[in-house]
Amino acid sequence: MKQKKTISSWLTSRFLLIIRDEENFAEKATIKFTYAKLFLGVSLIFIFFLSLSWLSVTTFLNKWFDPRTDYLRVDKTLIEMEEKVDSIIIEVEKKDQYIANLRNVLSGEVDFAVFENLSDFDSISSTNINLTQISPIDSQFRAEFEEADYEQLLYLNSAKNSLQDFFFFSPIDGVISKPYNVKEGHFGLDIVAKKNEPVKSIADGTVVISSWTQDSGHVLAIQHKHELISFYKHNSARLKNVGETVKAGDIIAIIGNSGELTDGPHLHFELWHNRNPVNPEDFISF
């Protein structure tokens, strides 16, 4: 009786494949194999081509034939652009608010301004402070202000230490007609000079205000390094616009008599350091 083969014996049965020449039957090659080796080889080849096909479909072929890839790429680009636009809008709003606050201060619409977290413009306060019009809420602060030593309160000593090693250009060649006096609310110098005399920047910086105000006429303000800003008021003409950079000694305006708070052709010049006014004569030779 013939013995029945099992699957194990069938897979391990050995075979010999002989390759002969068709003309003379000369033996060219012999290949030994079993069904197990044949099945394993075919399986490996199948897995290789299956993996290659899957990789092709999910990479470069996917870009050609699957429209979802384009949709995802466009969505990602739109999200990135939206984030950038949001950041730009926030920064622009901050800058607009800063400029609006400074203009309100210059026009006398507010008593005092403190600016926070506005990048390069973080160290400036207002001009035209009216010490006689303080709201009842600030009465305690007013009392402390009037009793305190003005030089110490206005950060003058610290400003001297910070700025004494720097050279500043004189904004104009002229004669000081009214000195700096905090008690009288005069936070700068009035300088009388020749008609059409050019007004110069005291140091390198960026123009942050170039506009007209009811009280001060044509006004320019320049942001400098070391938490310093300079104001130039009552000009007859402004030669620089907001955002322009200037060098020390550059002509930025022409002396004039513009605005309501003026009694003749002169330059009203103010110097602010770390949100406080300082006496320009302590740092600049006129």
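Contact here means heavy atoms within 4.5 Å. By that criterion, Phe-168 touches Leu-163, Ile-202, Ala-203, Leu-228, Phe-283 and Ile-284, leaving aside residues up to four places away in sequence. The structure is a predicted model. The chain has 286 residues, of which 33% count as buried, and it contains seven helices and twelve strands.

**Overall figures**

- Taking contacts between residues at least 6 apart in sequence, 56% join residues at least 24 apart.

**Nonpolar core**

- The largest nonpolar core holds 36 residues, and those touching the most other members are Phe-168, Val-199, Ile-202, Tyr-232 and Ile-252.
- Two or more residues of this core come from each of helix α4 (67-106) and strands β4 (188-192), β6 (205-213), β7 (217-224), β8 (228-238), β10 (251-255) and β11 (267-273).
- In soluble globular proteins, nonpolar side chains tend to be buried together.

**Strand β10 and its partners**

- Strand β10 is mostly covered, with four of its five residues buried.
- Strand β5 (residues 198-200) runs antiparallel to β10 and is joined to it by three bridges.
- Asn-235 has Ile-255 in β10 as its bridge partner.

**Salt bridges**

- Three salt bridges are found in a search of the whole structure.
- Side chains of opposite charge can pair when their charged atoms come close.
- Lys-233 and Glu-270 form one of these salt bridges through their side chains, at 3.4 Å from N to O. This pair links distant parts of the chain, with Lys-233 in strand β8 and Glu-270 in strand β11, 37 residues apart.
- Lys-233 counts as buried because its relative accessible area is 1%, under the 20% cut-off. Glu-270 is likewise buried, with a relative accessible area of 1%.
- Glu-91 and Lys-95 meet in another salt bridge, at 3.5 Å from N to O. The two residues are four apart in helix α4, so about one helical turn separates them.
- Glu-91 is partly exposed at a relative accessible area of 38%, and Lys-95 is partly exposed at 26%.
- The side chains of Asp-21 and Lys-28 also form a salt bridge, with an N to O distance of 3.8 Å.
- In this pair, Asp-21 is partly exposed at 24% relative accessibility, whereas Lys-28 is exposed at 57%.

**Nonpolar surface patch**

- Ile-45, Phe-48, Phe-49 and Leu-52 make up a nonpolar patch on the surface, and together they have about 420 Å² of accessible area.
- Phe-48, one of the patch residues, lies in helix α2 (residues 35-58).
- Phe-48 counts as exposed because its relative accessible area is 51%, and exposed means over 50%.

Methods. Residues are numbered from 1 along each chain as its sequence is written. This is a predicted model: local features need pLDDT of at least 70, side-chain atom pairs count only at pLDDT 80 or more; totals for chains, interfaces and linings use all residues. Side-chain values use heavy atoms; hydrogens and water are left out. A nonpolar core is a set of buried Ala, Val, Leu, Ile, Met, Phe, Trp, Tyr and Cys residues joined through side-chain atoms within 4.5 Å. Buried means under 20% relative accessible area, exposed over 50%, partly exposed in between (1.4 Å probe, protein chains only). Patches are made of residues with over 30% relative accessible area and no salt bridge: like charges are joined within 9 Å, nonpolar side chains (Val, Leu, Ile, Met, Phe, Trp, Tyr) within 5 Å. Accessible areas come from the Shrake-Rupley method with a 1.4 Å probe; for residues, only the protein chains shown count as cover. A salt bridge is a side-chain nitrogen of Lys or Arg within 4 Å of a carboxyl oxygen of Asp or Glu. Two strands pair if DSSP finds at least two bridges between them.
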